[in-house]
Amino acid sequence: MGVAVLLKQVPDTTAKISVSGGRVDESSIAKWSISPYDEYALENAIKMSESGFGDVVAITCGPARASKCLTEAAAVGADRLIHVVAESTLDSIQVQALLSAAVKSAQCEVVMCGKQAADTNSGSTGPGLASILDFSFVGAVTEVSMEGGGFAATRLGPSGLEQIEVGSPCVFTFDKADTELRRPNVRGIMMAKKKPIENLSANDLEVETSNSRVSVESHSSPPEKPPGQKFVGVESIAEVVSKLREEANVI
Amino acid sequence: MKTSVISESSNGSLHPVTAQLVGAASSLGSSITVVCPGGIGSTEAAQISGVSKVISVEGECFETYDCIAWSETLAPLVEGDLILSSSSAVGRELISSLAAIKGIPVVQDVTRLADGFSVSRSIFSGKAIEEVNISAPCAISLRANSFEASRGGGDAEIASVNVSQDVSVAVKQALAKASERIDVSEADIIISGGRGMGEPSNFSYLNEVADVLGAAVGASRAAVDTWEEIPHSMQVGQTGKTVTPNLYIAVGISGAIQHLAGMRSSKYILAINKDPGAPIFGVADYGIVATWEEALPVLKEHLSEMVSN
């Protein structure tokens, strides 16, 4: 028994993104981090493990640099680290095939990850994995705890904030919450450096990854805006409001 | 070519984004079937021009939102070269699960769709734009207000189907109702407040201006993180929502890189801030250097006058 936490490494949200030759220039990204929503999944997984649920297995799928987020997860309490080594040109079918194979190999009954990752903001992985693994699924949760043989969770559903119950096995995707995220201490950081990372390739997991059905043609920067008009003081508001109608035609 | 559109509903009726999904599919010259989960809005969907068939899927499982039960019920009824949904939270979950069941790729929150399929989407919450080619059959979710809506006047056949799958999610208690106010991700006009608003209760001044314009009320990450009264669902920017309204009004928001990424593609931006050096003025079409206390009552008065004319 155990909980798999899926962590995606993304450019830190404070990082500037520059484009050169029609591609995002990865070498210019100053800092890579665990995607913010995934951090809430990790925190909840560690709490469940502390209350007796079993091991926390941190899993990432990505290039060599992504192993850093596993070490960061170990520093706050992840027990096992699995790196599915793959380049970032995979389509959703391939990513989900790799991750579901990794979850199965780790024999986890619960999967937790962010509701979307801060790079593409897609949110395809959680529900897709649930369908492939034949698990239940609850999205946009802020808290999950054990309840009977299953789980109690708080989710933001289409009708509002709800307390729900669901059985095991289940995939949960996390929304941002008021939860305080634990920070690693020195001992945690030292121990994490020694923690072994299990590297798994697509071959190891018996997943075919040669033909991606989604290909990126190009990247570009958002169009630059011409400088705007600046006014000082509330006396200018009448003029600005009339410009919103006459010039911009938006009210 | 055949497209299945998963309809979007809100408060028991068809959400207007559904007509935009139909509009996007029509522009590709596709034959279009609209599939209505829970049968909600099927009569309205049949009246959208360009729709050839509506499947009203009625079943017990649609009484509670359970993504897996819903997608398994819908999957046998959804077919074609292209499956479209809205990129709302439910739309994204359903289409991800449907794509996984069918073994086809999914690309989310697309803002341009052309033959092939060639699509555009913003990445890093608007810090860059990505052009992607996807081979059919595939599933794509579209961002609200990025596509021309198909008009009314249609008269499609409605097929009612009563099917259901087991629900594994049980709602024990409703803790808070979904906000009645329009969501930032689908509003034409947004007025957002930052930590410069001083107190969460001062967002009532933003609500008043929003009421005049029929606008949504948003917030910066700093405001959401500082005050628990300001829910995360209001957050604009990275780790919140990326928005592209016609008019974005930023009040007491200095303009952190994460916030600018999420709102800089708005058609017009009006910034009100007491600090003339605030970075928000760098992306604003109209900037007013003033405190919100002074500015908002005057803004409300002039907007009311303008709107009533």
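Me: What should I know about numbering and confidence before I start?
Reply: Residues count from 1 along each chain as its sequence is written, while chains are lettered from A and ligands numbered from 1 in the order in which they are written. The model is predicted, so local features need pLDDT of at least 70 and side-chain atom pairs count only at pLDDT 80 or more, while totals for chains, interfaces and linings use all residues.

Me: How many helices and strands does chain A have?
Reply: Start with the terms. Helices (H or I, at least four residues) and strands (E, at least two) are DSSP runs, numbered from the N terminus. Chain A comes to 6 helices and 15 strands. Its C-alpha trace spans about 65 × 45 × 40 Å along the principal axes.

Me: What share of chain A is buried?
Reply: Count neighbours. A residue is buried if 20 or more other C-beta atoms lie within 10 Å of its own, exposed if 12 or fewer, and partly exposed in between; C-beta atoms are placed from the backbone. Of the 251 residues of chain A, 48% count as buried.

Me: What do contacts in chain A say about sequence distance?
Reply: Two residues are in contact if their C-beta atoms, placed from the backbone, lie within 7 Å. Take the contacts in chain A between residues at least 6 apart in sequence. Of these, 70% join residues at least 24 apart.

Me: Which residues have the most contacts inside the largest nonpolar core?
Reply: A nonpolar core is a set of buried Ala, Val, Leu, Ile, Met, Phe, Trp, Tyr and Cys residues joined through C-beta atoms within 7 Å. The largest has 121 residues, and Val5(A) and Val111(A) have the most contacts inside it. Leave aside neighbours within four places in sequence. Val111(A) then touches Ala4(A), Leu6(A), Val103(A), Leu129(A), Phe135(A) and Val171(A). A second, separate core has 60 residues, including Ile17(A), Tyr205(B), Leu213(B) and Trp292(B).

Me: How many residues does each chain give to the contact between A and B?
Reply: Chain B gives 77 residues and chain A gives 74 residues. Now sort by class. Ala, Val, Leu, Ile, Met, Phe, Trp, Tyr, Cys and Pro count as nonpolar, Asp, Glu, Lys and Arg as charged, and the others, Gly among them, as polar. The chain B side divides into 43 nonpolar, 21 polar and 13 charged.

Me: Which strand of chain B does strand 15 of chain A join?
Reply: Strand 15 (residues 229-232) of chain A runs parallel to strand 17 (residues 286-289) of chain B, with 4 bridges. Val232(A) has Val289(B) as its bridge partner. Strand 17 of chain B also pairs with strand 16 (residues 268-273) of chain B, in the parallel sense over 4 bridges. There Ala271(B) stands opposite Gly287(B).

Me: Which backbone features stand out in chain B?
Reply: Most residues other than glycine have a negative phi, and most peptide bonds are trans. The bond from Gly116(B) to Phe117(B) is cis, with omega near 5°. Phe117(B) is in the loop between strand 7 (106-114) and strand 8 (118-123) of chain B. Asn11(B) has a positive phi of about 50° although it is not a glycine. Asn11(B) is exposed, because it has 10 other C-beta atoms within 10 Å.

Note on methods
Two strands pair if DSSP finds at least two bridges between them.
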